[in-house]
Amino acid sequence: MEIVILLSVVPDTTVRVRLTEEGLPELSQVPLVINPWDELALTRALELKEDPASGVEKVTVLHAGPATHDAVLRKALAMGAGEAVRIDRDPQDAWEAATLLAEYLKEHAYDLVLAGVESSDYNGAATGLLTAGLADIPSVAAVSYVEVKEGEILFTRDLEGGREQVRMDAPVLAVVQKGIAREPRMPSMRGIMMARRMPITVVTPAQSKPLTRTVRFEMPPPKPPCKMVPADEPEKILDLLEQEAKVIRF
Amino acid sequence: MSLLIFADNHNGHFPKHARELISYGRRMAEDLNTQTIVLVTGALSDEELLLPGKYGAHRVLVADDPRFEVLDHKLYTALIEQVVSEKGVTHLLFSYSPAGKALAPLAAARLQAGYVSAVTGLPENYDPFTVRKMIFSGKVFASVEISTEKKVITLAPNAWKEEILGEAVEPEKVSFAGLPQPVTDRLSLERHEGRIMLTDADIVISGGRGMQNAENFRLLEELAGLLGGAVACTRPVSDEGWRPPEEHAGQTGKIIAPDLYFAFGISGAIQHLAGVSGSKVIAAVNKDPDAPIFEAADYGIVGDALEVLPRLIEEVKKRKAARNR
């Protein structure tokens with residue numbers, strides 16, 4: 001069985017974002033990382049590969065992006081991915097990314113595709129399922145756990161006010177979220193050394209174009225400062241919430 | 001041209017976000033001078049089926065069949081595609097719910113339509129169609145243009161208030177004879193019954209590490225009970241097992257946007273704030289005056305949550321008793 005991870009490369013999410021004078025996000029100094037949700041998906045795929053009962057033999061990461069992203073793909077190899085494939089185009093929206101990924105998947109063999117629920121930069125929450133739709137792969141979303149047992153793929157998916165376990169046949173694409181793995185795997189020193197010598201497979205992109213375009217960025221208006229209530233009269237916060245903010249009633 | 005609203009059916013009821021989405025869709029349809037068609041699947045009582053009309057639907061289409069009980073992507077996407085083609089739908093609206101987040105991009109792929117998720121209000125412009133959303137986990141607004149004839153969007157949680165905008169309309173049955181067989185095989189189902197759903201709650205009382213242990217969350221439950229709210233927590237709290245994971249609010253947990261988010265013993269890590277920054281009002285109690293939560297909060301107390309909570313609970317009880325006299 002082969003697992004493919006759709007991997008997005010993002011600016012480190014914990015930084016503060018500023019806009020340049022032209023009104024674009026200033027990200028040139030921000031380090032690039034594996035999208036946190038994709039990193040958890042990769043971690044779970046590697047756990048499955050290490051479990052002989054799962055039958056998972058190969059884990060591949062698939063990415064559409066420029067050559068400047070190779071260092072990030074190398075981290076995925078250092079974590080334990082067997083192959084890194086980069087489709088050589090910088091997609092301008094989720095539709096374009098999904099078009100490129102879907103065209104690749106149509107021509108290659110796999111059993112399970114995992115994609116994180118969203119990228120931590122543009123929060124589009126679109127690429128995984130657009131890819132499933134364009135490649136015509138059965139899909140499942142809101143997945144918080146995946147197990148592979150003797151060729152059977154079992155998903156736990158979150159519902160509104162509950163969760164369920166479902167079984168699906170391969171090939172299937174799953175959009176995964178919190179719970180899929182506890183902590184992202186740290187590459188070992190040996191993994192880092194090995195990854196240095198591993199090639200990154202570079203693929204010529206199919207025809208693609210975006211369907212959406214961000215025309216303006218704007219910082220939210222500054223918030224008025226927090227009104228402080230003295231700790232020895234905490235009851236006063238209830239007055240403010242009831243009479244000023246009007247968000248509670250007794 | 002017409003506008004299709006996919007309304008989630010949650011156990012025989014329209015959840016709050018579905019009602020909000022219908023009112024939002026009606027307002028958009030008025031701007032576009034077109035009709036709102038609500039599509040709903042599964043069983044709903046006759047009484048419940050009167051609601052979409054009141055919240056603004058011109059037409060209500062019902063696909064009621066046991067096979068819709070499990071969200072099978074192929075089946076649902078084919079149903080949506082069929083309705084889009086039969087009714088000449090150009091604008092497709094979904095909730096930012098587990099079902100909406102799955103079906104909106106799948107429908108967009110089938111229809112070759114541009115898709116924008118979690119939009120925060122009515123379009124800024126209809127030609128070209130431009131909607132606003134938050135990116136970088138709530139730190140920046142982006143205005144995004146969709147260039148295709150068909151448009152697909154999901155509405156951000158609590159971005160719109162439900163309004164009574166019309167009269168009940170007679171539901172119409174949808175035929176689903178030609179739809180594909182489901183491929184999603186449900187093995188088990190577990191429901192979290194008897195609690196206000198976190199994403200539905202107007203008031204959320206939340207605790208972080210400052211609550212010190214699982215036992216102390218009783219205080220938050222009590223305050224939530226008195227104010228008619230739900231309890232949430234931070235990631236460390238759910239990782240420690242003090243609270244169940246479904247109560248985790250934050251970037252990697254649930255994104256919530258209640259009227260009041262009341263944070264106790266929460267420092268306000270950027271990942272946590274990303275999940276709650278859509279709240280109308282944030283109030284916070286924390287020992288550390290420099291905690292980042294106070295930058296996000298509207299009202300604050302610098303103090304120990306465990307000392308403040310019992311006093312607030314007593315005061316709320318007193319005021320409730322006074323009102324009831």
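Select chain B to start: nine helices and 16 strands make up its secondary structure (DSSP runs numbered from the N terminus, helices being H or I of at least four residues and strands E of at least two). This is a predicted model, in which local features need pLDDT of at least 70 and side-chain atom pairs count only at pLDDT 80 or more, while totals for chains, interfaces and linings use all residues. Residues are numbered from 1 along each chain as its sequence is written, and chains are lettered from A in the order in which they are written.

Keep chain B on screen. Its C-alpha atoms fill a box of roughly 60 × 45 × 40 Å along the principal axes.

Contact (heavy atoms within 4.5 Å) involves 92 residues of chain B and 79 residues of chain A. The two chains bury about 7200 Å² between them, 57% of it on carbon and sulfur atoms; buried area is the accessible area (1.4 Å probe) lost by two parts on being put together, summed over both. Next, pick Phe136(B), Tyr299(B) and Arg319(B), which supply 10% of the area that chain B buries against chain A, more than any other three residues.

Stay on Arg319(B) and show Asp239(A): their side chains form a salt bridge at 2.7 Å, N to O. The term requires a side-chain nitrogen of Lys or Arg within 4 Å of a carboxyl oxygen of Asp or Glu. Between chain B and chain A there are eleven salt bridges.

Finish at residues 227–228 of chain A, strand 15, which pairs in the parallel sense with strand 16 of chain B (residues 299–302) over two bridges; pairing takes at least two DSSP bridges between the strands. Here Met228(A) stands opposite Gly300(B).

Methods:
Heavy atoms only, no water.
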